Amino acid sequence: MRIVAVDPDACVACRNCEYACAFRQTGDFDRTRSHIRVNYHPAERACVPLTCMHCAEAWCMEVCPAGAISRNAETGAVEIDKDHCAGCKMCLLACPFGNIGFDSTHGVSRKCDLCGGDPRCVGSCTSGALEYVEENDAFAFKRDALDAKLRQALRLDRGRR
Amino acid sequence: MSTERDVQQTLCRMCDDRCGIDVHLEDGRMVDIVGNKAHVWNKGRLCVKARAAIDMAYHPDRLLAPLKRTADGWQEIPLAQALDEIAARLTQIKERDGARSVSVWKGEAIGFGQQEDIARRFIHAFGSPNYLSNDSMCYAARYFGYKLVDGAWPVADLENARVIVMWGANPPHAHPNMTQYITAARRKGAKLVVVDPRLSAIARRADVHAQPHPGTDGALAWGLMRELIRTGGYDREFVERHTVGFPELSAYAATFTPEMVEQETGVPAATVIELAALMAESAPRVSMYVGNGLEHHENGVNNIRAVVSLDALVGAVDREGGNRFVQPAPLRTLTLYDDVPLEHLGPLGADRFPVLYDLRQECHTMTAMGAILEGDPYPLRAMVLTGANPLLTNPNTERVRQAFESLDLLVVRELFMTETASLAHYVLPAASFLERSELHTHAKHQAVTLTRRVCDFPDVQDEYQFWHDLAHRLDMGAYFPWDDETALNRWLLEPSGLTLEELEAHPEGVTYSPLAPPPLERGPFMTSSGKVEFASRYLKDLGYDELPVYKSPEYRGTPDDEYPFVLMTGARKLLYLHSRFRNIPRFRTAVPGPEVEMHPDDARALGVAEGDTVTVTSRIGNVTIPVHVVSPEEIRPGELQITHGWSEANVNLLTHDDRFDPISGFPLMKSVEVRVTKVGAGE
Ligand code: SF4
């Protein structure tokens with residue numbers, strides 16, 4: 001399956017993804033309603049985008065007493081059926097990453113569903129920090145970056161000698 | 001009955017990035033916009049402004065009928081009547097005060113290229129040299145910086161760089177999709193340097209964030225040049241073979257020691273040394289990009305020339321990973337400058353700012369205000385303005401208002417009843433970018449795209465139709481022989497050998513000539529000497545310094561107790577572009593209103609907290625605005641920022657239309673001396 005890979009080293013906290021997600025959920029730009037959340041810490045200049053990784057062993061799904069959480073056969077997304085959600089919030093508690101939110105207006109939990117296979121957060125990420133990629137090599141960009149760094153270091157080293 | 005679905009591929013023009021978009025329609029009505037994954041520029045990614053184009057096009061406040069100002073307020077009139085009356089008034093004014101008393105003002109919202117040239121053609125055919133636009137305070141100063149040194153403005157080859165330097169530019173907010181090119185380079189190991197008085201969005205990813213005081217970038221550039229020369233880290237061969245003025249340059253650079261640069265700019269001496277070393281070791285793959293941040297200062301053009309000179313010192317001119325000269329698209333042009341010279345008619349501003357007219361055929365909007373109000377240097381009585389809102393975007397709003405109120409004829413083409421439109425005699429409904437078809441060039445990729453008419457409203461003319469219909473009423477129809485924009489597009493495209501049908505079949509862009517590898521044998525450059533010009537003979541002959549001499553901004557001189565803060569204006573924000581999009585409700589949810597960005601130490605000293613209201617006062621005027629206390633890293637104490645375009649707190653009530661960069665004529669807008677008082681604390 002494909003997941004949304006996040007690269008904090010490329011994120012600029014422009015919040016396009018949060019707006020795009022909030023818009024899909026609510027038709028408005030209230031960022032607190034986005035399923036992807038970006039934390040920004042000016043002192044460290046750290047930008048941290050976080051969204052559901054659709055765990056292979058999804059604890060939220062296992063813990064849900066109402067059986068409202070299931071895996072979409074087509075996209076592999078772990079989805080909440082809001083018609084069955086009891087609003088007990090056990091899934092929020094179970095998620096180790098805090099990637100499940102609660103919609104207090106409707107009294108149901110809410111989370112990323114990969115927009116049915118075309119995640120809007122990725123389409124709106126102009127820095128390229130988000131990518132919708134096959135999970136088996138979702139973080140290839142990290143390897144590539146390390147590779148480039150080593151090449152650069154070797155080049156400089158050779159230059160010095 | 002099933003709904004009919006359709007996808008039309010075209011370009012977004014909510015900003016000038018012009019990203020490829022797929023517009024989804026249901027029964028002819030736009031319902032969604034997503035990125036065109038194949039488009040050369042954005043590769044499927046879009047900022048959230050793009051989808052809002054639908055909201056803009058179908059906005060309940062859209063103007064859909066021509067309006068005439070009468071004693072009893074606005075009156076709807078038929079389009080033909082409006083055009084007849086406007087033509088008659090223009091003719092009267094021309095007969096009375098001469099053709100040059102009439103002007104055209106083309107706004108940013110209309111775009112550039114083809115649309116700009118149609119407006120230029122119209123006013124030229126009318127016999128007036130007075131083409132006005134936002135370019136007399138945006139873009140042109142950077143164009144001069146590059147043109148004067150390199151002979152042309154190259155494009156930054158970001159993705160192949162080893163070090164990228166952003167000077168006063170914040171792509172995530174200003175050119176969102178440029179950011180992905182920076183990411184691509186960084187993933188290949190490039191270092192990112194951001195020079196900006198604010199910790200901007202792109203500075204969040206910088207390896208080095210150099211934070212100069214506003215308007216002092218030139219001193220930093222000179223300091224880097226001094227270091228490169230002193231350490232021998234510059235490209236000797238390039239300098240010897242391809243430049244003029246190096247001896248003068250290196251003599252002048254000598255005083256810019258790292259310590260002096262630190263004193264002047266606030267950038268630590270060690271950072272100056274570190275940056276110069278980084279550039280030397282990465283040369284020639286040093287890709288620098290200059291943003292609008294350097295333009296609105298008293299010494300803007302020379303600061304930019306100093307930055308551009310750095311490119312030559314590291315041999316990055318027209319080099320892979322540096323910057324690249326691009327071939328213009330082989331299209332016909334619409335302007336008439338070669339056929340009918342108008343310079344003898346005294347284009348507004350051309351006497352004071354000869355470079356502005358000579359290199360860009362651009363008149364000076366601030367001078368135009370004097371022509372309207374005081375008849376200086378001669379009366380300007382009529383204006384046809386399209387897609388601009390100078391009442392929010394030009395400096396010294398009060399004077400702009402007085403000027404526009406006193407015109408004998410003001411015609412405004414707009415989507416909405418803006419501050420400027422509300423002063424017009426006639427307001428004509430304008431077409432958005434989704435309601436016209438035009439050719440676009442993506443210089444970086446040497447590609448052209450044809451946009452599509454995705455929707456239509458009766459009585460809303462596209463730009464071409466408007467100028468065409470007015471021209472035919474003014475006896476200048478011969479200059480507008482094409483029946484509609486498709487016929488015009490076909491004519492423009494002819495010399496390229498491409499056809500409209502080909503472009504229609506390739507909305508992702510068609511390459512008109514592949515970007516060739518950089519030439520091994522360099523030059524001649526398109527300057528008068530054929531070389532890269534550290535020293536400009538052209539400027540010297542006009543009475544300017546030949547070197548990009550550094551002048552310290554006035555506010556850096558003796559501290560002024562009356563105006564102790566320095567205010568930057570116009571920092572870009574993601575959701576709003578200049579004065580536009582404040583009427584998109586969800587943008588308001590995200591960013592509800594204007595604010596002045598302030599360092600926590602200053603807030604403490606003033607006794608204000610986040611959200612409190614202050615009055616900011618300059619020598620020009622004052623504005624009352626809520627405070628946003630930023631993190632201490634994000635701005636320096638004593639420095640403030642207010643973004644323009646808010647009618648609730650219009651920062652251009654404070655900006656100067658009486659202090660200019662002497663070369664470009666650009667107004668001082670990013671280093672304005674101000675004081676701040678807490679509202680309720682008595683002022
Ligand atoms: S950057 Fe955003 S507003 Fe600009 S053209 Fe692209 S999608 Fe449209």
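1. Domains of chain B. The model is predicted. The assignment divides chain B into domain 1 (5–57), domain 2 (67–133 + 333–429 + 460–499), domain 3 (155–324 + 519–541) and domain 4 (554–678).

2. Domain 3 against domain 4, extent. In chain B, the C-alpha centres of domain 3 and domain 4 are 27 Å apart. Contact involves 29 residues of domain 3 of chain B and 28 residues of domain 4 of chain B. Together these two domains bury about 2400 Å², with 53% of it on carbon and sulfur atoms.

3. Domain 3 against domain 4, pairing. The rule finds two salt bridges across this interface of chain B. One pairs the side chains of B:Glu298 and B:Arg659, at 3.5 Å from N to O. Polar contacts between domain 3 and domain 4 of chain B come to 18 residue pairs, both at pLDDT 80 or more. On the domain 3 side, helix 5 (171–174), helix 10 (258–265) and helix 12 (300–313) of chain B are the elements that give two or more residues. By class, that side has nine nonpolar, 15 polar and five charged residues.

4. Ligand shell. Which residues surround the ligand? In chain B they are B:Cys12, B:Met14, B:Cys15, B:Asp17, B:Arg18, B:Cys19, B:Leu46, B:Cys47, B:Lys49, B:Ala50 and B:Pro176. Eight of the shell residues are nonpolar and three are charged, with no polar ones.

5. Chain A against chain B, extent. Each chain brings 40 residues to the contact. The buried area is about 3200 Å², and carbon and sulfur atoms give 49% of it. On the chain A side, A:Phe29, A:Arg45 and A:Thr126 supply 22% of the area buried against chain B, more than any other three residues.

6. Chain A against chain B, pairing. There are five salt bridges between the chains. Among them is the side-chain pair A:Arg120 and B:Asp32, at 2.2 Å from N to O. Helix 1 (16–26), helix 4 (120–123), strand 8 (130–134) and helix 5 (140–160) of chain A each supply at least two residues of the side that touches chain B. Helix 5 of chain A gives the most, with seven residues. The class count on this side of chain A is 22 nonpolar, eight polar and ten charged.

7. Cis peptide bonds. Most peptide bonds are trans. B:Ala283 and B:Pro284 are joined by a cis bond, with omega about 0°. B:Pro284 sits in the loop between helix 11 (269–282) and strand 13 (286–290) of chain B. The bond from B:Gly523 to B:Pro524 is cis, with omega near 0°. B:Pro524 falls in the loop between strand 20 (510–511) and strand 21 (532–533) of chain B.

8. Positive phi. Where does A:Cys115 lie? Its place is the loop between strand 7 (108–110) and helix 4 of chain A. A:Cys115 has a positive phi, near 50°. For B:His578, phi is positive and near 55°. B:His578 lies in the loop between strand 22 (565–569) and helix 21 (585–590) of chain B.

Methods. Residues are numbered from 1 along each chain as its sequence is written. Chains are lettered from A and ligands numbered from 1 in the order in which they are written. This is a predicted model: local features need pLDDT of at least 70, side-chain atom pairs count only at pLDDT 80 or more; totals for chains, interfaces and linings use all residues. Side-chain values use heavy atoms; hydrogens and water are left out. Domain bounds come from an automatic or database domain assignment. Contact means heavy atoms within 4.5 Å. Buried area is the accessible area (1.4 Å probe) that two parts lose on being put together, summed over both. A salt bridge is a side-chain nitrogen of Lys or Arg within 4 Å of a carboxyl oxygen of Asp or Glu. A polar contact is a pair of N or O atoms within 3.5 Å; within protein, one must be able to donate a hydrogen and the other to accept it, and residues adjacent in sequence count only if both atoms are side-chain atoms. Helices (H or I, at least four residues) and strands (E, at least two) are DSSP runs, numbered from the N terminus. Ala, Val, Leu, Ile, Met, Phe, Trp, Tyr, Cys and Pro count as nonpolar, Asp, Glu, Lys and Arg as charged, and the others, Gly among them, as polar. A residue is near a molecule or strand if one of its heavy atoms lies within 4 Å of it.
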